[in-house]
Amino acid sequence: MKDAQVPGIELAGVMKRFDTPGGTVLAVDRTDLKIRGGEFLVLLGPSGCGKTTILRMIAGLVHPSEGTVRIAERELWHTGRRDAQALTELGVVFQESNLFPWFSVERNVALPLKLRGVPEADRLVRARELCARVGIAGFERAWPRQLSGGMRQRAAIARALARDPFILLMDEPFGALDAITRDQLNLELQRIWLSQGCTVVFVTHSISEAVFLADRILLLSPRPGRIDTEVEVPFPRPRLTSIQDLPEFQDIVRRLRERLEALT
Amino acid sequence: MKRVPLDWFTTPGLLLAFVLVWHFYVTWFNVSKFIIPPPLLVAESFVDLLTSPNTLKHTWITLYETIVGFLFACAIGVGLGAVLGKTPWLERALNPFIVATQVVPKVALVPLFILWFGFGPESKIVVATVLAFFPILTNTVLGIKSVDLGHRDVMTVLNAGKWETFISLELPSALPAILAGMEVGIVLAIIGAVVGEYLGGSTGLGYLAVASLNDYKTGMLFAVILLLTIIGFGLYVFISGLKRLVIPWHESVLIERQTVVG
């Protein structure tokens with residue numbers, strides 16, 4: 001499934017400082033990071049370790065204080081303006097679904113296409129396809145507020161996939177869901193990723209979720225955020241929920257937990 | 001189990017109790033009908049009012065002034081509110097003047113409006129607009145400013161333009177607040193039109209009320225007030241009902257309809 005054409009991401013000397021009333025806070029220390037095309041990369045770390053800031057810098061939502069972000073070999077920022085071409089490669093899923101409550105589910109999913117000027121009939125056909133792909137067929141006409149949290153996140157994933165992005169950025173997308181729904185959505189996400197063949201950067205503070213999903217895990221140290229440990233996860237795909245019972249799986253989880261405890 | 005809503009009985013019951021208390025108070029204490037006319041006299045006057053050939057004309061004038069004034073208020077409130085909500089420095093610069101139009105005793109300005117715009121409906125429309133635009137404006141500004149930051153992130157990631165962001169995000173997000181402002185605005189618009197009619201002119205229900213008073217027809221005055229109340233109620237219910245049409249997605253509508261699923 002790994003496609004050599006799928007673009008990757010490169011962070012070179014990226015650093016982020018925030019000015020707060022209490023002084024300057026270094027959120028992310030100088031970070032160099034190469035994300036390979038088609039890879040499933042997980043950024044793992046405790047709350048406030050800057051993992052979300054790294055993701056938001058890749059998404060173009062936060063301007064790095066120093067350093068450069070490259071997406072598909074293109075620099076994301078040109079003197080304060082974001083590269084439109086690089087942005088089209090991105091789909092982003094947030095912790096909250098951030099669906100617009102005034103649009104039906106299908107219109108939310110079709111929003112990225114609407115902004116691109118795709119005719120209404122075409123984009124709604126495409127939105128229904130996407131709804132079916134993420135498993136919310138039959139709810140296309142519902143209001144977001146009528147859906148459960150898990151279904152809203154599915155719709156948010158469908159919206160992120162609407163422009164067929166090469167890179168999917170996910171900021172704790174299942175963090176607010178119950179454990180059962182979370183396992184289910186992790187499986188679905190793997191299926192979608194395998195069929196889509198895109199690059200995924202996934203932020204989480206759940207160790208087992210990280211090990212289940214990732215090709216590679218980067219463990220971040222808290223304040224200032226800095227890449228501490230890198231772990232390759234070798235299990236073949238598609239992975240089943242039951243791999244969590246394997247001793248090798250639990251071994252990786254334990255190593256990460258011990259390192260995390262040492263850091264905090 | 002099917003429950004009949006309690007308010008089907010309580011509201012008419014309370015109304016009946018009010019009329020009874022009124023009736024017995026007036027008869028037992030022998031109150032002059034020039035001070036408080038008995039309910040039956042008001043009812044008679046109300047029938048007279050409804051059957052009088054001029055009533056329709058007066059009602060129409062008041063409705064016309066109210067609705068046109070309200071529409072102007074909506075245009076100014078939403079238009080200016082959207083601009084101010086998007087441009088904080090302009091809001092800071094203009095805010096003192098906008099507040100000044102509200103803290104000045106507006107009723108004291110009515111003679112001035114009559115001087116400027118004449119005794120016809122125009123001056124009343126101006127009064128209605130001046131009274132009604134403020135809640136619509138402040139609510140629009142608040143609505144535009146209260147856009148969810150997560151929703152903004154979505155539009156930023158999609159590299160949406162300013163106009164697209166306004167149409168797809170800011171305006172719909174502000175609609176519940178704008179409609180709440182309109183609910184207050186329509187009531188103020190009626191007040192504006194009627195106060196304008198009280199103070200100058202020879203048409204409209206406000207004029208009819210003053211004329212009844214001058215003829216010592218207190219019963220008719222009460223009947224006019226009753227008619228104004230019914231009209232005000234109708235307009236308020238209409239604007240309130242717009243919510244179902246304009247923001248069917250909002251909690252206030254979804255909860256009413258009990259359609260929220262797990």
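**View 1. Helix H3 (residues 55–86) and helix H6 (residues 121–145) of chain B cross at roughly 35°.** Their axes come within 6 Å. Axes are lines fitted to C-alpha atoms, for helices over the stretch in contact, and angles run from 0 to 180 degrees between N-to-C directions. Helices (H or I, at least four residues) and strands (E, at least two) are DSSP runs, numbered from the N terminus. H3(B) passes H6(B) in a right-handed crossing; here the near helix is turned clockwise from the far one by less than a right angle. The contact of H3(B) with H6(B) holds 21 nonpolar, seven polar and four charged residues. Ala, Val, Leu, Ile, Met, Phe, Trp, Tyr, Cys and Pro count as nonpolar; Asp, Glu, Lys and Arg count as charged; the others, Gly among them, are polar.

This is a predicted model: local features need pLDDT of at least 70, side-chain atom pairs count only at pLDDT 80 or more, and totals for chains, interfaces and linings use all residues. Residues are numbered from 1 along each chain as its sequence is written, with chains lettered from A and ligands numbered from 1 in the order in which they are written.

**View 2. Chain A meets chain B.** Here 20 residues of chain A contact 20 residues of chain B. Contact means C-beta atoms, placed from the backbone, within 7 Å. On chain A, helix H2 (84–88), strand S8 (90–93) and helix H3 (105–115) each supply at least two residues. H3(A) gives the most, with three residues. This side of chain A has 14 nonpolar, four polar and two charged residues.

**View 3. Chain A has domain 1 (1–89 + 166–178 + 197–264) and domain 2 (99–164).** The bounds come from an automatic or database domain assignment. The C-alpha centres of the two domains lie 26 Å apart. Six residues from domain 1 and five from domain 2 make the contact.

Terms used
Contact = placed C-beta atoms within 7 Å.
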